[in-house]
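Subject: Structure for your files

Hello,

Please find the structure below.

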Protein chains: 2
Amino acid sequence: MAGDVFKALADSTRRCILDELVERDGQTLFELCTRLVSKHGLDLSRQGVSQHLAVLEDAELVRTRRSGRYKFHDLNTEPLEPLATRWLRPETPGGAS
Amino acid sequence: MAGDVFKALADSTRRCILDELVERDGQTLFELCTRLVSKHGLDLSRQGVSQHLAVLEDAELVRTRRSGRYKFHDLNTEPLEPLATRWLRPETPGGAS
DNA sequence: TTGACAGGCAAGTAATTGCTTGCATATTGT
DNA sequence: ACAATATGCAAGCAATTACTTGCCTGTCAA
């Protein structure tokens, strides 16, 4: 568990999925499939999308909630925050230690 | 050219290289080799490091300058900036157009 | 010029990854 | 109960990736 966030972001299809979820949160697998094909011009099967979602979920970039036979996917931007700051130099503008 | 920044960051060894360059800029290939082995416990050949550096350079995360037989590697954080902000929701706090 | 040092190029290999197809499970409406 | 819908699981395949070994080029000091 707690998969690699960087590896999750490495695939362009997964990034498209995140793009979709920014626009509209709480989409189901089928909704995402449809919109990835029509809007982003991607061509992959439902299982393809499902596996990508599993990777994103493992990296905690996507959270899911179940309701009956539906599974809704929500974006979670929390793991993204320490991402860009990791390689920022310690400029120590205030002058800590 | 202009390789994929996300794919460049996907590999943990490459992330270690960036970690090293944050601490000390302008290292040569041999310096990086030595420190990756000793400090980060990695075990790879010089060519392994060289190929990783090529990927980082292609993603413009690393810039190089030559001086005689030495090649110095510098970190370039510029491509990292739009990285985390890509999936931030348009909160429009001030309400810009 | 010779030898040592720093780096580059290329082919080969093993592991990983993205994707598909086929079947199984669970929920809902009639 | 039955069929349709929404999703899950797993084996198999092709492409990519990370890594190694071996050799070549360029630079510097003696």
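**The largest pocket**

The largest pocket is lined by Thr28(B), Leu29(B), Phe30(B), Ser50(B), Leu53(B), Ala54(B), Glu57(B), Arg66(B), Arg69(B), Tyr70(B), Lys71(B) and His73(B). The model is a predicted one, in which local features need pLDDT of at least 70 and side-chain atom pairs count only at pLDDT 80 or more, while totals for chains, interfaces and linings use all residues. Residues are numbered from 1 along each chain as its sequence is written, chains are lettered from A and ligands numbered from 1 in the order in which they are written, and side-chain values use heavy atoms, with hydrogens and water left out.

Rolling a probe the size of a water molecule over the atoms shows where empty space is left. A pocket here is an open set of points on a 1 Å grid over the protein atoms alone, where a 1.4 Å probe fits, with protein on both sides within 12 Å along at least five of seven lines; lining residues have an atom within 4 Å of a point. The volume of the largest pocket is about 250 Å³ (the space filled by probe spheres set on the points, which are joined across faces, edges and corners).

In chain B, α3, α4 and β2 each supply at least two residues of this lining. Helices (H or I, at least four residues) and strands (E, at least two) are DSSP runs, numbered from the N terminus. The most comes from α4(B), with four residues. By type, the lining divides into five nonpolar, three polar and four charged residues (Ala, Val, Leu, Ile, Met, Phe, Trp, Tyr, Cys and Pro count as nonpolar, Asp, Glu, Lys and Arg as charged, and the others, Gly among them, as polar).

One of the lining residues, His73(B), lies in strand β2 of chain B. His73(B) is buried, with a relative accessible area of 4% (buried means under 20%, exposed over 50%, partly exposed in between, with a 1.4 Å probe and protein chains only). A polar atom of the His73(B) side chain is 3.4 Å from the backbone oxygen of Lys71(B). Such a polar contact is a pair of N or O atoms within 3.5 Å; within protein, one must be able to donate a hydrogen and the other to accept it, and residues adjacent in sequence count only if both atoms are side-chain atoms.

**The hairpin in chain B**

Strands β1 (residues 62-67) and β2 (residues 70-75) of chain B pair in the antiparallel sense over six bridges (two strands pair if DSSP finds at least two bridges between them). They form a hairpin with two residues between them, and Gly68(B) in the turn has a positive phi of about 65 degrees. Across the pair, Ser67(B) is opposite Tyr70(B) and Arg65(B) is opposite Phe72(B).

**DNA strand C**

DNA strand C is surrounded by 23 residues, the closest being Ser45(A), Gln51(A), His52(A), Phe30(B) and Lys71(B). Of the atoms of DNA strand C that come within 4 Å of the protein, 66% belong to sugar and phosphate. A residue is near a strand if one of its heavy atoms lies within 4 Å of it.

Phosphate oxygens of DNA strand C lie 3.4 Å from a backbone N or O atom of Leu29(B) and 3.1 Å from a polar backbone atom of Phe30(B). To the surface near DNA strand C, α4(A) gives the most, with four residues. That surface has four nonpolar, 10 polar and nine charged residues.

**DNA strand D**

A polar backbone atom of Phe30(A) is 3.2 Å from a phosphate oxygen of DNA strand D, and a side-chain N or O atom of Arg14(B) is 3.0 Å from a phosphate oxygen. Gln51(B) has a polar side-chain atom 3.0 Å from a base oxygen of DNA strand D. Here α4(B) gives the most to the surface, with four residues.

Regards
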